[in-house]
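The entries follow below the structure.

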Amino acid sequence: MPSVGVLICGYNEEDARAIKTFLDITLDTYVILVSASAQSERKIIDILRASPDESYRDEEPKILMFLGFSEVQVHMVLEGFPREGRPARPIFCSLTAQNQHWPLAELIEHLAAEHRQWTAKKE
């Protein structure tokens, strides 16, 4: 099975490790964890190409980007991720040909705006 990973932003180290454990168990595979905390000006592709950063910060919004996940794996994570409590449920997204060239701050702004729209529609 090809390797999968997640780029996360907005989580402290304890919550990031809890997410990794959840993913490893849920997917029955080793999931690579990439932190994007404190890298808002860097492009997503540059964050992914660099050595993994072990810097974690509690920030809002919380983002989890799927890297190399199959459709089935994405569904498993979305269904199994806690709806409430710790770690807080993130805004989920996938790496695309377009967003890999965006600075992290632009991705966060885009996802937060989409999240606000979806939340307003549900209410």
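Entry one, the rule for charged pairs. I count a salt bridge where a side-chain nitrogen of Lys or Arg lies within 4 Å of a carboxyl oxygen of Asp or Glu. I keep in mind throughout that this is a predicted model.

Entry two, the count. How many salt bridges does this rule give? The count comes to six, and I looked up several of them one by one.

I found that the side chains of Glu13 and Arg17 meet in a salt bridge, with N to O at 4.0 Å. Why can these two side chains be placed about one helical turn apart? Glu13 and Arg17 are four residues apart in helix α1, which covers residues 13-27, and so about one helical turn separates them. I then checked the accessibility of both partners: Glu13 counts as partly exposed because its relative accessibility is 42%, and Arg17 also counts as partly exposed, at 32%.

I noted a salt bridge between Glu59 and Arg57, in which the closest N and O atoms are 3.7 Å apart. Glu59 has a relative accessible area of 25% and is therefore partly exposed, while Arg57, at 43% relative accessibility, is likewise partly exposed.

Lys62 forms a salt bridge with Asp58, and here I read 3.1 Å between the closest N and O atoms. Is Lys62 buried or exposed? Its relative accessibility is 8%, so Lys62 counts as buried. I also recorded that salt bridges with shared partners join Asp58, Glu60 and Lys62 into one network.

I searched for disulfides and the structure holds zero of them. Cys9 takes part in no disulfide, and the nearest cysteine sulfur, which belongs to Cys93, is 10 Å away.

Technical notes
Residues numbered from 1 in each chain as written. Predicted model: local features only at pLDDT ≥ 70, side-chain atom pairs only at ≥ 80, totals over all residues. Heavy atoms only, no water. Disulfide = S-S within 2.5 Å. Buried < 20%, exposed > 50% of the residue type's maximum accessible area, 1.4 Å probe, protein only.
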